[in-house]
Amino acid sequence: DTRVGPLSRHAVVQGYRRYWKLLCDSDTSPTFDPDNVDEAGYDAFVNTIRSGPALQAWELVLELLRTVPDDDLGFWAAGPLEDLVQSRGAELVEEIEAEASRDARFQWALGCIWLSHGELSAEVLARVVRASGDAIRPLPSHAELEAKWPDFADDPNASDDIGPEAR
C-alpha cells in the first residue's frame with residue numbers, strides 16, 4: 001500500500017469519504033483537529049489532487065471509485081474524478097484511456113464528468129471523450145459562454161443554469 005505522507009492510501013481514501021460526509025451533513029464547519037485522521041485523510045486527498053504527484057492522485061481517485069457503491073459512483077465521479085481530469089488530464093490521459101478500456105464501471109464514471117472546451121488541449125479532450133465511450137459532451141468554454149451571455153461571469157450560479165442547449 002502506497003503512503004501519502006504519514007497515511008496509507010487506503011486511510012487517505014476512507015478518511016476523505018468520511019470527512020466529506022461530515023462536511024455535507026454538518027450545518028457548521030468542523031473545528032480543525034490535528035488528531036482527526038479523517039480530516040488528515042481529506043486534506044491529503046485534496047492536496048494530492050491539486051498539487052501532488054499526478055500518478056499518486058490517480059491512484060487515490062481510482063481507489064475511491066473502486067470502493068464506493070454503484071449507486072454513489074456518479075456523485076464521486078463528478079467530484080474527485082472530474083477535478084483530477086480537469087487539472088491533471090494532460091498528464092494522465094494514457095492512464096485514463098487504459099483504465100476506461102479495461103473497466104466498464106470506470107468508463108461509465110468517466111462519462112459522468114463535465115468538461116469544457118479550453119480546460120484541456122483539444123487533443124487531450126478528444127481522447128478523454130473517446131475514453132468515456134463518447135458519453136462526455138464538452139461544454140462551451142467560459143469565453144464562449146461569456147460572449148453568448150454577457151452576465152455569465154458575474155453570476156456565481158451561472159454554470160448551474162447551463163442546459164443541454166449550451167452543450
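**View 1. Helix H1, end to end.** Helix H1 takes in residues 9-25, and its 17 residues reach 24 Å from first C-alpha to last, close to the 24 Å expected at 1.5 Å a residue. That expected span is 1.5 Å times one less than the number of residues. Helices here are DSSP runs of H or I with at least four residues, strands are runs of E with at least two, and both are numbered from the N terminus. The model is predicted: local features need pLDDT of at least 70 and side-chain atom pairs count only at pLDDT 80 or more, while totals for chains, interfaces and linings use all residues. Residues are numbered from 1 along each chain as its sequence is written, and side-chain values use heavy atoms, leaving out hydrogens and water.

**View 2. The buried residues of H1.** Which residues of H1 are buried? They are Arg9, Val12, Val13, Gln14, Gly15, Tyr16 and Tyr19. Buried means under 20% relative accessible area, exposed is over 50%, and partly exposed lies in between (1.4 Å probe, protein chains only). These buried residues pack against strands E1 (3-4) and E2 (7-8), plus helices H2 (37-51), H3 (54-67) and H4 (73-102).

**View 3. Gln56 in helix H3.** Look for Gln56 in helix H3. Gln56 has a relative accessible area of 18%, so it counts as buried. Setting aside residues up to four places away in sequence, Gln56 touches Arg3, Val4 and Thr48; contact means heavy atoms within 4.5 Å.

**View 4. Stepping back to the protein.** The protein has seven helices and two strands, in the order β-β-α-α-α-α-α-α-α along the sequence. Of its 167 residues, 44% count as buried.
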